[in-house]
Amino acid sequence: MKPLKSFSNSANITLAASLALAAAIMLIPANMLPIIYTQNAGRIRTDTIFSGIVGLCRQGWWSLGVIVFIASIFIPIFKLASLAWLIFAARQGPGAHARRLTRLYVVLSVIGRWSMLDVFLVAFLSGVVQFGVFAKVEPRSGIIAFAAVVVLTVLANEAFDPRILWGSPASNTPQPSSK
Amino acid sequence: MKSLDNPKVSRATALPLVWVVPLLALIIGGWMVVREYLDHGPEITIEFADASGVEAGKTILEYKGVAVGEVQSVGLKNDLNAVVVQVRLSKDAAALACEGAQFWIVHPQIDFSGVRGLDTLVSGAYLAIKPGSGSPITDFKGMGEPPPTQNKEEGRAFVLQSDRLGGITTGAPVYFREMKVGAVETSQLSDDSTRVLVRIRIYTPYVDLVRTNTKFWNAGGLSLKVGLFGAEINTTSIESLVVGGIAFATPEGELAPPAADGAQFTLLDQGEKDWLKWQPKISIHPPEITPASPVHGGEIPFVH
């Protein structure tokens with residue numbers, strides 16, 4: 001049984017790693033492409049996440065800009081970097097930092113579901129702000145990539161089993177396949 | 001349990017199936033980025049003497065009422081004498097930016113001969129383009145005002161020579177039997193500055209009214225005659241009172257051949273009473289007035 005268990009653990013790590021890598025790849029179009037198109041009294045804008053933050057700060061909405069920056073740029077990158085660290089640590093085998101790493105894992109699980117701020121904002125505005133020539137909001141493809149980043153990160157987080165970090169007394173060292 | 005003599009030992013495949021996920025992400029993400037950049041048409045620069053109302057990221061380029069591009073940046077030229085506007089065309093509009101294309105800025109314009117660009121009151125100014133036909137280029141010179149006629153193929157243009165302008169403005173109507181059948185396009189001094197040249201355009205259905213022996217006269221303003229038996233005030237219309245106007249009449253009898261595009265005539269200060277009595281029978285094909293007729297694009301010339 002033991003070899004099978006260790007195999008499934010490594011498969012879990014592989015799955016988490018591949019999902020995290022996919023999320024990291026989608027991070028590029030999510031930040032490069034425009035996420036929202038707004039038309040307000042003839043003023044037309046298409047914004048990427050970053051240009052939206054810059055726009056908020058320029059208009060004096062510093063606090064909002066900081067919130068959007070944290071929610072949309074800092075947290076996704078932080079989550080992916082932390083996941084990479086967790087996966088790397090798990091591949092090294094159980095270590096001394098198990099308690100700290102598990103705490104990090106719990107934090108990631110908790111903030112994961114709060115990362116859809118941008119997606120909700122764009123979806124809400126696109127639905128509500130439809131006033132023909134006066135004001136119109138439409139989603140742009142970047143928001144799909146951003147949603148994919150969030151979903152893939154959450155999936156990677158779910159695939160990762162924090163128990164690997166601890167190991168068990170019996171499986172601390174990989175068991176030879178023949179007993 | 002019997003053990004196999006030659007157990008076949010196979011290693012796990014080097015690349016587990018899960019790595020399809022990032023591969024898929026790479027393909028989809030790459031496709032999204034590529035598509036975004038393929039959707040962009042060429043970037044062109046237009047030089048304007050004045051670009052008031054043009055804003056980067058807001059002003060759009062319109063052609064036939066459809067947005068075909070967006071202003072990316074507005075900057076001064078190096079010698080500070082002109083403004084350089086960069087426009088990103090949409091992909092399907094790339095063919096518009098050819099040699100000979102003309103660009104101008106549409107502002108709201110309200111004068112006595114009509115209201116133009118009223119939509120720009122809400123949306124701000126926009127750029128308009130009249131496509132060229134040469135080879136594709138990226139550097140253009142913008143124009144200060146719209147080109148004389150946006151549908152050049154429509155109607156026929158004639159040049160009238162006069163001693164003085166007599167209150168005729170651009171867009172002023174041209175009348176035949178007090179019907180508006182054309183408009184003044186531009187007016188300028190002749191090369192030797194001894195005369196004024198007024199270019200008019202007669203709309204398509206009425207072009208045959210102008211013959212080589214047609215008389216043109218200034219119908220603007222009002223003439224006032226006070227005599228022994230009363231006073232007489234003459235004016236063609238309120239509009240021509242304000243913006244000026246030109247009337248013409250064609251002699252009856254044997255019809256002269258229709259005047260060619262660009263033919264020159266003399267613009268007289270006043271018409272003669274006899275000219276109004278001329279009844280030349282010239283067959284024209286004016287647009288239908290019946291409400292059942294479909295509304296087609298373009299200006300219907302007899303609205304006034």
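View 1. Of the 304 residues in chain B, 26% are buried, a residue being buried if 20 or more other C-beta atoms lie within 10 Å of its own, exposed if 12 or fewer, and partly exposed in between, with C-beta atoms placed from the backbone. This is a predicted model, in which local features need pLDDT of at least 70 and side-chain atom pairs count only at pLDDT 80 or more, while totals for chains, interfaces and linings use all residues. Residues are numbered from 1 along each chain as its sequence is written, and chains are lettered from A and ligands numbered from 1 in the order in which they are written. Chain B holds three helices and 18 strands, taken as DSSP runs numbered from the N terminus (helices H or I, at least four residues; strands E, at least two). Among the contacts in chain B with a separation of 6 or more, 71% join residues 24 or more positions apart, two residues being in contact if their C-beta atoms lie within 7 Å.

View 2. Between the C-alpha atoms of Asp274(B) and Ala249(B), which stand 25 residues apart along the chain, the separation is 9.9 Å.

**View 3. Helix 3 and helix 4 of chain A.** The axes of helix 3 (residues 62–91) and helix 4 (residues 98–112) of chain A come within 10 Å and cross at roughly 145 degrees, where axes are lines fitted to C-alpha atoms over the stretch in contact and angles run from 0 to 180 degrees between N-to-C directions.
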